[in-house]
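Dear colleague,

Here is the structure I said I would pass on. My notes on the aromatic rings and the nonpolar cores follow below it.

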Amino acid sequence: MSKPASAASIPRPPGQLVLVLQGGGALGAYQLGVYEALHEAGLEPDWVVGTSIGAINGALIAGNAPELRLQRLCEFWDLVGQPAPWGPAWNNLATVSRGIPGFFEPGPGSLYGPQTRLGLERAAYYSTSPLQQTLARLLDFERLQQAAPTRLTVGCVSARSGQMHYFDSRNQALDARHIMASGALPPAFPAVRIDDDEPFWDGGIYSNTPLECVLDDNPRRDSTIFSIHLWNPEGPEPESIWEVGNRQKDIQYASRIDAALARQQQIHHLRHIIRELGRQLPAEQRRSPAVRELTAWGCGTQMHVLRLLAPRLAGEDQTKDMDFSRASIEARRAAGLADTRAAIAARPWTAAVDPTEGVHVHDC
């Protein structure tokens with residue numbers, strides 16, 4: 001493992017510092033290590049965007065003072081970490097049957113059968129009331145108000161319209177409902193009602209990599225974005241039905257991020273071209289209202305996207321997102337810490353870039 005750099009030796013990256021956190025259940029322990037490396041380098045994020053477990057980790061960061069953030073994250077992961085004396089398979093079976101203390105527990109929906117009409121807020125196998133109590137204990141919700149120093153955005157999907165929705169502390173005060181809705185993965189967890197009684201589920205079933213809301217943000221700002229990926233879109237050919245299930249989840253929850261990033265690079269390249277074309281016009285034409293409206297589509301923002309990909313652990317399978325064993329949590333945390341230390345030390349945002357490009361992707 002590389003040695004940590006002192007905070008004094010790390011100049012802050014250009015623009016706002018953004019942390020984007022995928023959903024992935026127990027795989028989210030990798031994000032704990034990522035934040036730990038940023039924290040020890042003195043790089044506190046200006047904006048945290050998360051979905052599912054990423055929303056929970058993000059809330060624990062944005063919803064606490066900087067000196068308490070790592071402590072609160074560790075408290076959460078210590079709480080959900082489970083002993084695994086008989087190995088991961090038995091541990092995951094215990095999670096299915098008993099739930100996770102401080103996170104979720106079997107609910108009434110698991111007793112009456114899948115055909116029983118319980119209403120959307122009870123139509124789930126588990127209850128997440130323990131998570132609500134945990135968030136109340138570990139979060140300072142006053143820090144998630146509109147004037148909070150660290151912006152938080154969480155991704156959810158409407159159970160009615162099927163549309164993605166991002167709840168943003170810049171626009172409204174966030175509370176436990178928003179965090180829990182972002183992690184309400186059906187049919188395991190029940191939908192959460194917010195704003196005019198609208199029911200929301202885990203945003204990961206629609207878009208598990210909430211990078212889009214950063215690149216589409218208005219007004220656009222120079223940014224250094226640490227985008228943390230828990231699911232690997234590439235992998236070996238599966239040779240059994242069990243392995244097929246593992247690859248299917250990897251592909252589904254990786255959320256077509258390569259295609260989405262390529263499209264964003266095209267869009268931002270066009271914005272830079274519009275800006276340069278506007279500069280070529282005579283000053284009198286640039287003052288024309290019609291031309292000013294057209295050239296407003298251009299911009300010169302520079303966005304560096306550092307992609308960190310959580311490694312596979314030996315022996316993991318399609319139940320890996322339920323593997324809350326303490327050994328696996330510690331292994332994923334250590335990997336996130338080492339990977340992020342290396343990324344910070346490399347400082348890819350200092351490399352020369354084409355000024356006509358707006359989005360620069362660095363695979364760390």
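**Aromatic pairs and cores**

The count of aromatic pairs comes to 12, in what is a predicted model. One of them joins F104 and F189: the ring centres are 5.0 Å apart and the planes stand at 55°, so this pair is tilted. It links distant parts of the chain, with F104 in the loop between α4 (88-98) and β3 (105-106) and F189 in the loop between α6 (176-182) and β7 (192-194), 85 residues apart. F104 and F189 are both buried.

Another tilted pair is W231 with Y253, at 5.2 Å centre to centre and 40° between the planes. Here W231 sits in the loop between β9 (223-229) and α8 (241-254), while Y253 belongs to helix α8, 22 residues apart. W231 counts as buried because its relative accessibility is 2%; Y253, at 13%, counts as buried too.

Ring pairs also link F76, W77, F103, F104, Y126, F189 and F324 into a cluster.

Now the cores. The largest nonpolar core has 66 residues, and those with the most contacts inside it are L19, F76, W77, F103, L152 and F226. Helix α2 (residues 53-62) gives the most to this core, with 7 residues. A second, separate core of 14 residues includes V20, W47, V49 and L215.

Leaving aside residues up to four places away in sequence, L152 touches, among others, W47, V48, G58, A59, A62 and L144. R151 lies over the face of W47, at 3.6 Å from the ring centre.

Regards

Conventions:
Residues are numbered from 1 along each chain as its sequence is written. This is a predicted model: local features need pLDDT of at least 70, side-chain atom pairs count only at pLDDT 80 or more; totals for chains, interfaces and linings use all residues. Side-chain values use heavy atoms; hydrogens and water are left out. A nonpolar core is a set of buried Ala, Val, Leu, Ile, Met, Phe, Trp, Tyr and Cys residues joined through side-chain atoms within 4.5 Å. Buried means under 20% relative accessible area, exposed over 50%, partly exposed in between (1.4 Å probe, protein chains only). Helices (H or I, at least four residues) and strands (E, at least two) are DSSP runs, numbered from the N terminus. Contact means heavy atoms within 4.5 Å. Rings of Phe, Tyr and Trp (its six-membered ring) pair if their centres lie within 6.5 Å; planes under 30 degrees apart count as stacked, over 60 as edge-to-face and the rest as tilted. A charge sits over a ring if NZ of Lys or CZ of Arg is within 6 Å of the ring centre and within 35 degrees of the ring normal.
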